[in-house]
Amino acid sequence: MTEDLSFDLTLFPAPVLRKVAEPVEAFDEDVARTVEAMFELMFKSKGVGLAAPQVGLKRRILVLNETGEQDKPEQNLVLINPTILATSGPRKPFEEGCLSFPGIYAEVQRPECCKVEAHDVHGERFEADYDGFTSRIIQHEHDHLEGVLLVDRMSPVDKLRNRGALEELVDVYKASKV
Ligand code: CO
């Protein structure tokens, strides 16, 4: 009998958010439990996507559900060791949030569609095309695996507008380390 995992959100500017995450090599019970606990935290936090670095793990695991609704598990998507093979379509602006930046939103331009190769939780390799909100979430979450954050994608104007909130996150982080 294994215990259920439970995670807390890792907030900016925790250093793990800046690390390049490492590929998953064994698709074992540990990965399955990690995925389950990530979904649990994502839904609890009212998010639509979550990357492993956001729970303090340097692993290439993403979970998402564009509805954000736990009772729509058929919309759950797990991408392990994902590669964005190609993007296409016009770049579109959209106001993005991030669970690691509570209360902060910024307009980010991203291409509309993406073609992705990944493994599912059982290690099965698949390739799929995504568009709309799902494509947006995948591109945002994939950034996390490379240590790229919402703050890096912000326009100078959005950075200025969010400066107070960003400084507050830094202060909270520093206080937690004392
Ligand atoms: Co994020």
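**Entry 1: cysteines**

I started with Cys113, which counts as partly exposed at 23% relative accessibility. For my own use I noted the cut-offs: buried is under 20% relative accessible area, exposed is over 50%, and partly exposed is in between, with a 1.4 Å probe and protein chains only. Before going on, I reminded myself that this is a predicted model, where local features need pLDDT of at least 70, side-chain atom pairs count only at pLDDT 80 or more, and totals for chains, interfaces and linings use all residues. I also noted that residues are numbered from 1 along each chain as its sequence is written, and that side-chain values use heavy atoms, with hydrogens and water left out.

How many disulfides does the structure hold? I found zero. A disulfide is a covalent bond between the sulfur atoms of two cysteines, and here it is counted when the two sulfur atoms are within 2.5 Å. For Cys113 the closest cysteine sulfur is in Cys114, at 7.8 Å, so that is too far for a bond.

**Entry 2: the cobalt ion**

Which residues coordinate the cobalt ion? I wrote down Cys98 (SG), His140 (NE2) and His144 (NE2), at 2.0 to 2.2 Å. Donors are N, O and S atoms within 2.8 Å of the metal (3.2 Å for Na, K and Ca), and water is not among the atoms, so sites may look incomplete. Along the sequence, the spacing of the donor residues reads C-x41-H-x3-H.

I then looked up where the histidines sit: His140 and His144 are both in helix H2 (residues 132-145), four residues apart, about one turn of the helix. Helices (H or I, at least four residues) and strands (E, at least two) are DSSP runs, numbered from the N terminus. Both histidines, His140 and His144, are buried, and Cys98 is buried too, with a relative accessible area of 9%.

**Entry 3: aromatic pairs**

I counted three aromatic pairs in the structure. Rings of Phe, Tyr and Trp (its six-membered ring) pair if their centres lie within 6.5 Å; planes under 30 degrees apart are stacked, over 60 edge-to-face, and the rest tilted. One of the pairs is Phe39 with Phe43, which is stacked, at 6.0 Å centre to centre and 15° between the planes. Phe39 and Phe43 are four residues apart in helix H1 (residues 29-44), so about one helical turn separates them. Phe39 and Phe43 are both buried.

Phe94 and Phe133 also form a pair, and this one is tilted, with 5.8 Å centre to centre and 50° between the planes. This pair links distant parts of the chain, as Phe94 is in strand S3 (residues 77-96) and Phe133 in helix H2, 39 residues apart. Phe94 is partly exposed at 38%, and Phe133 is partly exposed at 33%.

Most residues other than glycine have a negative phi, and most peptide bonds are trans. Lys46 is in the loop between H1 and strand S1 (49-51), and is exposed at 74% relative accessibility.

Is Asn81, my next stop, buried or exposed? Asn81 is buried, with a relative accessible area of 16%. Asn81 is in strand S3 and has a positive phi of about 50°, although it is not a glycine.

Lastly, I found a cis peptide bond joining Phe12 and Pro13, with omega about 5°. Pro13 lies in the segment before H1.
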